[in-house]
Amino acid sequence: MSDRLTRARAAIEEAGLDALLVTNPYNRRYLSGFTGTSGWLVVSADDALLATDFRYWEQVGSQAPEFTLYKQEGAQAEWLPGLVEALGGRKLGFEAAHMSVAAHKQLRDTLAAMPAPKRPALVQSEGLVEQVRAVKDAEELDALERAVLLGDEAFNDVAGRVQPGWSELRVAWEIEKYAREHGAEAMSFATIVGGGPWGAMPHAYPREMPLEAGRPIVIDMGVIVDGYCSDMTRTIVLGEPDAKFQEVYDIVLTAQETAEATVESGMTGGQAHMIAQNIISEAGYGDRFGHGLGHGVGLEIHEHPRLGRTSEDVLADGMVITVEPGIYLPGWGGIRIEDMGVLENGRFRNFTTAPKLRMVGA
């Protein structure tokens, strides 16, 4: 964790803060290793404190040895002033995107009651730790690759058994059952299964609806291993695909594999998106690809960077991203193909091994 703290401290200093109050549970876990459900980190140039209640005091000692335990006892107004005084800084950043209006008011009121010489100024911050998290270290990459591998295995198992008449819900359950029985902590998100016209909704939820032969079936899924997520989409067909399926699938596959081959570190997320967008637009389906090309993945299923038409996020080595173009035709269905991998030596290295369909002559 030392390198993560070093990088976070550099970001805090660059933002002009003396310390940062970390309340986002994913940022808390990333910086400290603590997996408890309640606790605040406070990180400054010289201190790293973890404030939590009695339920987690022993857990802090085993999971977050680089952090000093600060025991929360009683109401916030009883323990928070001592925590803040221990830091001695004047500018205390807080994570604006992860603090409710009510929690911010309580924090502000508690600090306002402190003597002026000891009272820090609250400063809104956004994305400081998230930017650090965007570049994965070796331990994170190992967990992410293992998550992808298990997700691939779960998909392959079910894709090899699914038959017409299975419901979308059964497909989702069979995938989750395999994943959990083979080591997944949980699913990264509720598995998406959309058969036929239902697949025209990019985030279709599975129903008690039987799958039909010859129709596209979009399956979007991921698992969590050691806290890290995977994300993968495949579109399959039971039986022989018709000409429409082959046409649309080949366009999406070309866009997806071209993007994977040409995305580079140093590009913006918008430039990466347009690689696939241009191919789909030239094929006449530009208005049917309405979401971004991809996103970062890590402890959360959606992280920095964002790969989308308007994204100015700059891609860099060590970022783990998805590449997932799609075409969605109301009344017919959808095609999406998604891989996940890391930017390495300037290029995209794919983690995903689940097979993609190859049309005759492709």
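Strand 5 (residues 91-95) is mostly covered, with 4 of its 5 residues buried. Here a residue is buried under 20% relative accessible area, exposed over 50%, and partly exposed in between, with a 1.4 Å probe and protein chains only as cover. Strands (E, at least two residues) and helices (H or I, at least four) are DSSP runs, numbered from the N terminus. This is a predicted model, in which local features need pLDDT of at least 70 and side-chain atom pairs count only at pLDDT 80 or more, while totals for chains, interfaces and linings use all residues. Residues are numbered from 1 along each chain as its sequence is written, and side-chain values use heavy atoms, with hydrogens and water left out.

**Strand 5 and its partners**

Two strands pair if DSSP finds at least two bridges between them. Strand 1 and strand 5 run parallel and are joined by 3 bridges; within strand 5, Gly93 is the bridge partner of Leu20. Strand 5 also runs parallel to strand 6 (residues 121-125), with 5 bridges between them. In strand 6, Leu122 is the bridge partner of Leu92.

The loop between strand 1 (19-22) and helix 2 (25-32) holds Thr23. Thr23 counts as buried because its relative accessibility is 13%. Leaving aside residues up to four places away in sequence, Thr23 touches Arg28, Trp40, Glu95, His98 and Met99, where contact means heavy atoms within 4.5 Å.

An open sheet is formed by 3 strands in the order 7-10-11, with antiparallel pairing. Strand 7 (186-187) and strand 11 (228-229) stand at the edges with a single partner strand each, so one side of each has no neighbour in the sheet. Strand 7 is joined to strand 10 (residues 223-225) by 2 bridges, and Ile224 in strand 10 is the bridge partner of Ala186. Helix 7 (residues 138-159) packs on this sheet and touches strand 10 and strand 11; its direction makes about 140° with that of strand 10. Such axes are lines fitted to C-alpha atoms, for helices over the stretch in contact, and the angles run from 0 to 180 degrees between N-to-C directions.

**Backbone exceptions**

Most residues other than glycine have a negative phi, and most peptide bonds are trans.

| Residue | Phi | Place | Relative accessibility |

A cis peptide bond, with omega about 5°, joins His304 and Pro305. Pro305 is placed in strand 14 (residues 303-307).

**The chain as a whole**

The secondary structure of the chain comes to 10 helices and 19 strands. Its C-alpha trace spans about 75 × 40 × 35 Å along the principal axes. Of the 362 residues in the chain, 53% are buried. Among contacts between residues at least 6 apart in sequence, 67% join residues at least 24 apart.

The chain exposes about 15700 Å², of which carbon and sulfur atoms supply 52%; accessible areas come from the Shrake-Rupley method with a 1.4 Å probe, and for residues only the protein chains shown count as cover. There are 32 positive and 52 negative side chains, and the centres of the two sets lie 4 Å apart. Lys and Arg count as positive and Asp and Glu as negative, while His and the chain ends are not counted. The place of a charge is taken as NZ of Lys, CZ of Arg, CG of Asp or CD of Glu.
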